[in-house]
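Hello,

Here is the structure I promised to pass on to you. Have a look at it first, and then read my notes below.

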Amino acid sequence: MTLLPEKLACITGAAQSEVGRPSKRSALQLTADACLAAIADAGLRPEDIDGIATYPGKSSEGGGIAPVSPSEAAAVLGIEPRWILASAEGFSHMAPIFNAITAIACGLARHVVVFRSVAQAQARLVSRSSTLMSGSRERVDGNNAWTVPYNALSPINTFALYAQAYFEKYGANEAQLGAIAVNNRANAAHNPNAIYRKPLTLDDYLASRVISSPLRLLDCDSHIDGSTAIVLSHRDAAKDLRNPPLHIESMGMAVGGLWVGRFEGDFTEMPAARRAGRMLWERTDLKPAQMDCAQIYDGFSIHVWMWMEALGLVPPGEACRFVEGGKRIAIDGELPLNTGGGQLSAGRFHGYGHIHEATVQLWGRGSGRQVRDAKTCVISNGGYGYGAMILRRD
Amino acid sequence: MSEAPVRKLPKLEPETAFFWTAGADGALRIQRCTDCGTYQHPPFPLCAKCHSEAVAPEAVSGKGRLASYTINHEPWVPGLPVPFVFGVVELAEQAQLYVFTNVLAEIDAVRVGMPLTAEFERHDDVWLPMFREDAAHG
């Protein structure tokens, strides 16, 4: 196999700020908290960092989804980047990581900090006017024009279409879907940074209110304030740092379908995610069965099923039965899943919580939620744009 | 007196206005490539299949099947009447040619695969395509 860029880069540090619903700290403070802690975790100093990247950058949109630019973060961290990137294209949350890998492989940067900050909880205390739910009569355009006039005012309405189609095609049921929320919450109980840690039973799940059938309140992730930062380093520079380097065994990405062009498939899968999954396995000799744990995107619970199938962790239509009862996806199961609580219980970091949790597991920092001898982890990210990564520790 | 909530309407943009005003004469219209015959929705300035720029709105049958649906129970804005059915219709003209809609049906009667036919709900200069069960196929 030719030398792929990801084989030249490693994850060397990772950290999360406090996570609040809401937090009293500003998005920039939270960003600095996470970045400084991740840099220190790697055994580096801020002046060692020569690249910085984020998803999606900063926008004037007031909802707290894009509160900090990489330039602002660089300024507050006192670093002088030679390489900088904000990538919002295609809702591909993992793109800054892939681009950082490429920058490192090309020699543009040696140590890059990638962060994702959100301030959606504090923004909602002030106003909802920046969201589609403001009650404003301003007309909608772009992709919103196709759904919002039908009062599909939340992404849950769109992903509920997938859940319903999946249920009918494969004979899945709500107790099987509830296994995701219950599993995630059980893991979150051992994650001090998770926002929801109170144990949850399947009965609790089934008693929670239906928002958009078949999806319930407990199928949804939650707005938070917080920041996650990941330090990536060239493998030659990673050897002597504080943590054992986490190799980026492979990466895969794709956009298409939902929101990016037009809908594909029969609403039981995300075809572009399947393409990301194919790319992922083409770039490694590892096989799905060799994954010690999986951090699978759960903006809504149904994403987990579709991603598990897109990644080939289970055959199409089998995710519902694989997760049923929760035994096989528990910490001591055959494929421990969303070991930090996922977004359903730990909050909406747009997949960066999943990446952070992979580092927790591979560095043995999981305490009560630690998967024994975890050496490999597959991570997936995104509901509209798709990224996946395999991390491996020697 | 509180005003009844109204739908947030689509902007009539150069490439999409034909879709939202097609109901004025009662015919659903979808963009079609006059070179290769492929329908595409949402519209693009060229055919995504053959790259011809000879794309134009064409009246379609308004028939289709319900590819999937959800019953929305959440009143996202005050006064939003719930529950309602949000669905995606696969139009009869072409596989995976989808439009979103509200299905005008009793909640308990909605099912994946149900045959549907289009009608229009007018708001100002917008004719929203809506779908209900196609009795001809009932």
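A word on terms before the sheet: two strands count as paired if DSSP finds at least two bridges between them. Please also keep in mind that this is a predicted model.

**The sheet of chain A**

In chain A, nine strands make up an open sheet with mixed pairing, and their order is β3-β2-β4-β7-β1-β8-β11-β10-β9. Its edge strands are β3 (83–86) and β9 (293–295) of chain A, each of which pairs on one side only. From one strand to the next, the twist averages 25°.

For a look at one pair, take β2 (residues 51–54) and β4 (residues 111–119) of chain A, which pair in the parallel sense over four bridges. Within this pair, A:G51 has A:V112 in β4(A) as its bridge partner.

Which helix lies across β10 of chain A? It is α13 (residues 352–362) of chain A, and α13(A) runs at about 175° to β10(A).

**Two helices of chain A**

The axes of α5 (residues 155–170) and α10 (residues 301–310), both in chain A, come within 9 Å and cross at roughly 60°. Because of that angle, α5(A) is oblique to α10(A). The crossing of these two helices, α5(A) and α10(A), is left-handed.

Where they meet, α5(A) brings A:F159, A:Y162, A:A163 and A:Y166, while α10(A) brings A:I302, A:W305 and A:M306. The contact of α5(A) with α10(A) has seven nonpolar residues, no polar and no charged ones.

**A hairpin in chain B**

Over in chain B, strands β7 (residues 115–123) and β8 (residues 126–133) run antiparallel and are joined by eight bridges. B:R122 stands opposite B:W127 in β8(B). The hairpin of β7(B) and β8(B) has two residues between the strands, and B:D124 takes a positive phi near 50° there.

**Where the chains touch**

How many residues of chain B are in contact with chain A? There are 33, and they touch 31 residues of chain A. On the chain B side, the elements that give two or more residues are β4 (63–72), β5 (84–91) and β6 (98–102) of chain B. By class, the side of chain B that touches chain A divides into 18 nonpolar, 10 polar and five charged residues.

Enjoy exploring, and write back with any questions.

Best wishes

Key:
Residues are numbered from 1 along each chain as its sequence is written. Chains are lettered from A and ligands numbered from 1 in the order in which they are written. This is a predicted model: local features need pLDDT of at least 70, side-chain atom pairs count only at pLDDT 80 or more; totals for chains, interfaces and linings use all residues. Two residues are in contact if their C-beta atoms, placed from the backbone, lie within 7 Å. Ala, Val, Leu, Ile, Met, Phe, Trp, Tyr, Cys and Pro count as nonpolar, Asp, Glu, Lys and Arg as charged, and the others, Gly among them, as polar. Axes are lines fitted to C-alpha atoms, for helices over the stretch in contact, and angles run from 0 to 180 degrees between N-to-C directions. Angles under 35 degrees count as roughly parallel, over 145 as roughly antiparallel, 65 to 115 as roughly perpendicular and the rest as oblique. A crossing is left-handed if the near helix is turned anticlockwise from the far one by less than a right angle, and right-handed if clockwise.
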